[in-house]
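Please open the structure in your viewer and keep the selection panel at hand. The tour below goes from one selection to the next and says what is there at each stop.

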Amino acid sequence: IQPSVQEALMEGRPVVALESTIITHGMTYPQNLSMAREVEEIITTNGAVPATVGILRGRIHVGLTDEELEFLASSKNVVKVSRRDLPFILSQGLSGGTTVSGTMIAAHKAGIPVFVTGGIGGVHRGGENTLDVSADLTELGRTPVAVVSAGVKSILDIGRTLEYLETQGVCVAAFGESREFPAFFSRQSGFQAPYHVRDEEEAAELIASALGLGLSSGVLIAVPCPQERAASGQVIEEAIQQALSEARSKGITGKELTPFMLQKINELTDGKSLDSNLALIQNNARVGSCIAVALSKLQKARRMGNLPRREDTTSPQPVVIGGINVDFIAKAQNPVILDGGQTNAARVRRTFGGVGRNLADCLSRLGQTPLFLSAVGKDEHSESILHYCHHMDMSAVLQLEGKSTATYCAVITSAGELSVGLGDMDIHHQITEQYVSQFKENLCQAPLVCIDGNVPLSTIQYVCQLAREHQLAVCYEPTDENKASKPFLSDSWKALTYISPNLQELRAINRTLGNPLPAGIEYSE
């Protein structure tokens, strides 16, 4: 997953998936490249992050750089990749453009709920005899992604395609004031969609409803081509019949049929079909990105409304006390890291960590919903953290004006060893005894209290004293060699039930207690 896409997903910002078969097989170079760039620009302009999906040298990419887009657009020997093709293409290290089906799989696995394309595949004309039915339709029946398209390509049997979508349990809705199902180049197909949504907000509500039900099937939003750029239905139909006749005479079938048909129709209509094709793709990108933005806002509002509240909890919660960090991890690409102020090539990524946050996250994913006591600043990092931790009870976390959220930067060698770590963690001093004592009742009833070494010494001692008085189970995560010994500076450690040190932290604890080292282990300077 491209870093910009991954970051947007982590922060809950809207992302729109895009297919790449239209680049590799739908248009010729360089028109395909300019089209791909334009579509990504439209999505960005409308407030979403584009994520074009493609296969490059045996790896699925969600989000492509401009160089990667150009590679797919200009390459001659790339494959059209649907569900059935993925295992072979990946195992052979080949490159390819993903179809609607292939793109839906990648988008779903990446956590992207909205996907924009030109038009989906369907039941081919004569499909009742040939059984030539696009895998796009079965994918819509088993992959929960919303596909925004200009309906079904008009070279197909639209009536049978709609019947097949019904059989697959796919919710189909036309976009706009009419239920008229669009026919790709044309605004009318002569068929009605089962439903229609008037605008992006209604579309977002529909998608959110489908995702919330957990049906494991997709949604098709059918957007008509703009009126001023739509091709005449009669002109297109005549071209389709002529192209079909030529395809039959040449024995063209299977996945080669659609690219052949589109190219032939473009020739027969003197480019009018291509003009409509470009217009509908651009329009779908605009509509789809607006739907993605509306869906993101809707999901965010619902998450805020559904955050667990302490007063709603019937059984006692675990309590976790500790740090929240924004981690920047820089992994060198070369074996030797050059010093002296030189820039080293590296891969840099941002993640959300902090020992306390990690513990609370794990307990939440196990269904325990712990009360989490920590502190963040009111800065550019805090909103991203709170969104990323939407599945956790963050209601008691302090948000402090004028303070910086804790950040940590790790420089990792190409072999994966930590070279240097830098931290700005002063805000952890705000997890004070006075703050924590406000939750004394929760602490005294908690089935488990977890505390990390980022917490001030006085707070650790306060929690250990409560543990003694109320026979509480306390888990201490030492966090760092320099912080590990805090409970061991007094008798507080005797209240601990569990501790999880690494060897260096255990050495530090042993040294603080004045115990001899076991044979064969030495203190590091």
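Which residue in S14 is the bridge partner of valine 320? Select valine 320 together with S14, and the partner turns out to be phenylalanine 372. The model is a predicted one, in which local features need pLDDT of at least 70 and side-chain atom pairs count only at pLDDT 80 or more, whereas totals for chains, interfaces and linings use all residues. Residues are numbered from 1 along each chain as its sequence is written, and side-chain values use heavy atoms, with hydrogens and water left out.

**The sheet**

Now extend the selection to the strands around this pair, bearing in mind that strands (E, at least two residues) and helices (H or I, at least four) are DSSP runs numbered from the N terminus. S11 (residues 319-321) runs parallel to S14 and is joined to it by three bridges; two strands count as paired if DSSP finds at least two bridges between them. The open sheet has five strands, ordered S14-S11-S19-S20-S21, with parallel pairing. S14 (371-373) and S21 (498-499) are the edge strands, each with a single partner, so one side of each has no neighbour in the sheet.

Next, select H18 (residues 457-470), which packs on this sheet and touches S11, S19 (449-452) and S20 (474-477), contact meaning heavy atoms within 4.5 Å. The direction of H18 makes about 160° with that of S19, where axes are lines fitted to C-alpha atoms, for helices over the stretch in contact, and angles run from 0 to 180 degrees between N-to-C directions.

Move on to S19 and S20, which run parallel and are joined by four bridges; valine 449 has valine 474 in S20 as its bridge partner.

**A helix pair**

Then select H6 (residues 100-110) and H8 (residues 135-142), whose axes come within 8 Å and cross at roughly 25°. The two helices are therefore roughly parallel to each other, a term for angles under 35 degrees. To see the contact itself, show Val100, Ser101, Met104 and Ile105 of H6, which meet Ala135, Asp136, Glu139 and Leu140 of H8.

**The whole chain**

Finally, zoom out to the protein chain, which has 19 helices and 21 strands. Its C-alpha trace spans about 90 × 55 × 40 Å along the principal axes, and 51% of its 525 residues count as buried.

How values were computed
Angles under 35 degrees count as roughly parallel, over 145 as roughly antiparallel, 65 to 115 as roughly perpendicular and the rest as oblique. Buried means under 20% relative accessible area, exposed over 50%, partly exposed in between (1.4 Å probe, protein chains only).
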